[in-house]
Amino acid sequence: MQQKYLPWFLLFCALGLSTTAAYYSVIGLSVVFTGVAIPVIVMGSFLEVSKIAIATYLHNTWKKTYALLKVYLTIALVVLSIITSIGIYGLLSTGFQENIAKLEIGTKQIQNIEVKKQRFEEIKLELSKEKTILDKDISQLRNALSTNTTTQSVDTKTGQLITKANNANRKSFETQLASAQTNRDKLSTKIDALNDSITNLDIQILDMESKASESNELGAVQYVSEITGADIKTVANWFIFMLIFVFDPLAITLVIATNQAFEQRKPKINIYSEPELIEPEPVVESNSREIIEQEKLRIQNEIDRIQRSGVSGRKAGPAIELLQSKLRDLDNTITY
């Protein structure tokens, strides 16, 4: 970038960053002090403008400013920068709190559904155990129907083995079997209902997580939180502190840099408040005594002019010393 455009570019950046910092700070302070928002906005606006004025004044008149005033203005500048940072922190933290509140509400809703799902799974596990026991009982009753529904005895007269049907045992086994099958069917119906409920809860959780990921504005913060293992609020504070550490100090630094860049563009002024022209150094050739003598005469006339002008010694002294030094240099170049 060309030197003549650099000060204007710095001015644009300084004004843009300072205005942005001031706006965020004033809005943030009004959020912190909601009850007196308008007075805080007015007060904060003038404080922000005064901060830029103080930074400019200290840069331009640092050597001329009284020590006590210099100390006070420096402290005021630092305090105003802290106030600006507090305002920016208030604004950013408020926005973060709104987002984290939405995230926490969604997380609690999902947790509640998870608890309900876990309770259904525990009930399902108990019913499954009962069904397993009933399946064993039904298997045993069926075996009993096939083996324990007849009685055998030996005829005393003939000595033959006589097998007779035991209707009482058969009827008892059939009744128990029917009851066990009915209870098993009821348990199966309950387990199927629980499976459907658990599936619906899983779908509901997936839908809520999908919506939360789409509307989540804390993606980067949440990702860093998962990587570092730190709490999401702690990570958010890291980001906010990094922003406010750079924001306002950089704005003040750019204001100072802009002032310095414009000062370097100004032409140098001599002790008569006239633009100081940069004269080319005379080319001294060998045996050119006339040129040297003319230059010496010009410098001596300049010295006499300064002495007659009535300029204070504080300003005239360095200029006269510089001219006398040039005279000595010219004397050293003369060859005889």
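Two residues are in contact when heavy atoms of theirs lie within 4.5 Å. The exercises below use a predicted model.

**Exercise 1.** Find where K70 lies, which residues K70 is in contact with beyond its neighbours within four places in sequence, and whether K70 is buried or exposed.

*Solution.* Step 1: K70 belongs to helix 3, residues 67-147. Step 2: with neighbours within four places in sequence left aside, the contacts of K70 are L58, W62 and T65. Step 3: the relative accessibility of K70 is 17%. Buried means under 20%, so K70 counts as buried.

**Exercise 2.** Work out how the buried residues of helix 7 are arranged around its axis.

*Solution.* Step 1: helix 7 covers residues 289-308. Step 2: its buried residues are I292, E295, K296, I299, I303 and I306. Step 3: viewed down the axis, the buried residues of helix 7 fall within an arc of 100°, so they line one face of the helix. Step 4: on the face turned away from the buried side are the exposed residues E290, Q294, L297 and R308.

**Exercise 3.** Compare the salt bridge of R298 and E295 with that of R184 and D135: which helices hold the partners?

*Solution.* Step 1: between R298 and E295 the closest N and O atoms are 2.7 Å apart. Step 2: R298 and E295 both lie in helix 7, 3 residues apart. Step 3: R184 and D135 form a salt bridge at 3.6 Å, N to O. Step 4: R184 is in helix 4 and D135 in helix 3, so this pair ties together parts 49 residues apart in sequence.

Definitions and conventions. Residues are numbered from 1 along each chain as its sequence is written. This is a predicted model: local features need pLDDT of at least 70, side-chain atom pairs count only at pLDDT 80 or more; totals for chains, interfaces and linings use all residues. Side-chain values use heavy atoms; hydrogens and water are left out. Helices (H or I, at least four residues) and strands (E, at least two) are DSSP runs, numbered from the N terminus. Buried means under 20% relative accessible area, exposed over 50%, partly exposed in between (1.4 Å probe, protein chains only). The expected span of a helix is 1.5 Å times one less than its number of residues. The arc is that of the directions from the helix axis to the C-beta atoms. A salt bridge is a side-chain nitrogen of Lys or Arg within 4 Å of a carboxyl oxygen of Asp or Glu.
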